[in-house]
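Hello,

Here is the structure I promised to pass on. My notes follow below it.

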Amino acid sequence: MSDLHVHEDLARMITGYWSSQAIYAAAKLGIADLLKDGSRTVEELAAETDSDADALFRLLRALASLGIFAEDAPRQFKQTPMSAPLRSDVPGSQRALALMAGDAQHLAWGEILYSIKTGKS
(Lines give C-alpha, C1' and ligand atoms only; values in the text may rest on other atoms or scores of the structure.)
Protein backbone atom coordinates (compact mmCIF):
# COMPACT_ATOMS: atom_id res chain seq x y z
CA MET A 1 0.00 0.00 0.00
CA SER A 2 1.41 3.37 -0.98
CA ASP A 3 1.93 6.22 1.48
CA LEU A 4 -0.82 8.16 -0.30
CA HIS A 5 -3.34 5.38 0.31
CA VAL A 6 -2.28 5.10 3.94
CA HIS A 7 -2.79 8.85 4.43
CA GLU A 8 -6.17 8.78 2.66
CA ASP A 9 -7.34 5.77 4.65
CA LEU A 10 -6.21 7.31 7.93
CA ALA A 11 -7.88 10.64 7.11
CA ARG A 12 -11.12 8.77 6.35
CA MET A 13 -10.91 7.03 9.73
CA ILE A 14 -10.12 10.24 11.61
CA THR A 15 -13.11 12.06 10.13
CA GLY A 16 -15.47 9.08 10.15
CA TYR A 17 -17.56 10.61 12.90
CA TRP A 18 -18.60 13.39 10.51
CA SER A 19 -20.52 10.82 8.46
CA SER A 20 -21.95 9.01 11.44
CA GLN A 21 -23.17 12.26 13.01
CA ALA A 22 -24.76 13.33 9.72
CA ILE A 23 -26.53 9.96 9.50
CA TYR A 24 -27.61 10.36 13.13
CA ALA A 25 -29.12 13.79 12.43
CA ALA A 26 -31.07 12.48 9.44
CA ALA A 27 -32.29 9.48 11.47
CA LYS A 28 -33.28 11.70 14.40
CA LEU A 29 -35.26 13.93 12.04
CA GLY A 30 -36.89 10.91 10.37
CA ILE A 31 -35.87 12.03 6.88
CA ALA A 32 -35.93 8.52 5.39
CA ASP A 33 -39.48 8.01 6.66
CA LEU A 34 -40.54 11.32 5.12
CA LEU A 35 -39.09 10.27 1.74
CA LYS A 36 -40.66 6.80 1.62
CA ASP A 37 -43.37 7.92 -0.83
CA GLY A 38 -41.05 9.83 -3.16
CA SER A 39 -39.01 12.98 -3.61
CA ARG A 40 -39.59 16.01 -1.41
CA THR A 41 -38.17 19.51 -1.41
CA VAL A 42 -35.90 20.70 1.33
CA GLU A 43 -38.50 23.30 2.26
CA GLU A 44 -41.16 20.60 2.75
CA LEU A 45 -38.79 18.47 4.81
CA ALA A 46 -37.69 21.46 6.89
CA ALA A 47 -41.29 22.39 7.67
CA GLU A 48 -42.10 18.82 8.74
CA THR A 49 -39.00 18.49 10.92
CA ASP A 50 -39.03 22.02 12.36
CA SER A 51 -35.57 22.59 10.84
CA ASP A 52 -33.79 25.40 9.07
CA ALA A 53 -34.13 24.74 5.33
CA ASP A 54 -30.62 25.89 4.40
CA ALA A 55 -28.96 23.87 7.17
CA LEU A 56 -31.04 20.82 6.24
CA PHE A 57 -30.05 21.29 2.60
CA ARG A 58 -26.35 21.19 3.56
CA LEU A 59 -26.95 18.02 5.60
CA LEU A 60 -28.78 16.31 2.75
CA ARG A 61 -26.13 17.34 0.20
CA ALA A 62 -23.44 15.89 2.46
CA LEU A 63 -25.39 12.65 2.80
CA ALA A 64 -26.03 12.57 -0.96
CA SER A 65 -22.26 12.73 -1.49
CA LEU A 66 -22.06 9.49 0.52
CA GLY A 67 -24.84 7.78 -1.47
CA ILE A 68 -27.39 8.23 1.30
CA PHE A 69 -30.26 10.14 -0.36
CA ALA A 70 -30.01 11.65 -3.84
CA GLU A 71 -30.74 15.13 -5.10
CA ASP A 72 -32.99 14.51 -8.13
CA ALA A 73 -33.81 18.19 -8.77
CA PRO A 74 -32.47 21.39 -7.23
CA ARG A 75 -33.16 21.28 -3.46
CA GLN A 76 -35.24 18.11 -3.86
CA PHE A 77 -34.17 14.76 -2.44
CA LYS A 78 -35.20 11.14 -2.66
CA GLN A 79 -34.25 7.87 -1.03
CA THR A 80 -31.52 5.56 -2.25
CA PRO A 81 -30.96 1.89 -1.42
CA MET A 82 -28.54 3.10 1.28
CA SER A 83 -31.14 5.30 3.00
CA ALA A 84 -33.97 2.77 2.97
CA PRO A 85 -32.65 0.93 6.07
CA LEU A 86 -32.90 4.23 7.99
CA ARG A 87 -36.69 4.03 7.73
CA SER A 88 -38.43 2.95 10.92
CA ASP A 89 -40.92 0.69 9.11
CA VAL A 90 -38.60 -1.67 7.22
CA PRO A 91 -37.45 -5.11 8.37
CA GLY A 92 -33.91 -4.89 9.71
CA SER A 93 -34.13 -1.11 10.16
CA GLN A 94 -30.85 0.50 11.16
CA ARG A 95 -32.51 3.66 12.49
CA ALA A 96 -32.23 2.65 16.15
CA LEU A 97 -28.53 1.84 15.68
CA ALA A 98 -27.93 5.24 14.07
CA LEU A 99 -29.73 6.96 16.95
CA MET A 100 -27.84 5.03 19.63
CA ALA A 101 -24.45 5.46 17.97
CA GLY A 102 -24.98 9.15 17.30
CA ASP A 103 -26.29 10.03 20.74
CA ALA A 104 -25.26 8.10 23.86
CA GLN A 105 -22.35 6.19 22.35
CA HIS A 106 -20.96 9.29 20.63
CA LEU A 107 -20.92 11.08 23.96
CA ALA A 108 -19.29 8.13 25.71
CA TRP A 109 -16.58 7.73 23.05
CA GLY A 110 -15.96 11.47 23.30
CA GLU A 111 -14.62 10.81 26.81
CA ILE A 112 -12.28 7.95 25.87
CA LEU A 113 -9.15 9.88 26.84
CA TYR A 114 -10.55 10.51 30.34
CA SER A 115 -11.27 6.78 30.73
CA ILE A 116 -7.83 5.74 29.47
CA LYS A 117 -6.04 8.20 31.77
CA THR A 118 -8.12 7.48 34.89
CA GLY A 119 -9.35 3.91 34.38
CA LYS A 120 -12.87 5.17 35.13
CA SER A 121 -15.93 4.96 32.93
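At 75% relative accessibility, D50 counts as exposed (exposed means over 50% relative accessible area, buried under 20%, partly exposed in between, with a 1.4 Å probe and protein chains only). Its phi is near 55°, a positive value in a residue other than glycine. D50 sits in the loop between α4 (42-49) and α5 (53-65). F69 also has a positive phi, near 75°, and is not a glycine. Most residues other than glycine have a negative phi. F69 lies in the loop between α5 and β2 (70-73). F69 counts as buried, at 1% relative accessibility.

The model is predicted: local features need pLDDT of at least 70, side-chain atom pairs count only at pLDDT 80 or more, and totals for chains, interfaces and linings use all residues. Residues are numbered from 1 along each chain as its sequence is written, and side-chain values use heavy atoms, with hydrogens and water left out.

**The chain as a whole**

The chain has eight helices and three strands (DSSP runs numbered from the N terminus: helices H or I, at least four residues; strands E, at least two). Their order along the sequence is α-α-α-β-α-α-β-β-α-α-α. The C-alpha trace spans about 50 × 40 × 30 Å along its principal axes. Of the 121 residues, 23% count as buried. Take contacts (heavy atoms within 4.5 Å) between residues at least 6 apart in sequence: 47% join residues at least 24 apart.

Best wishes
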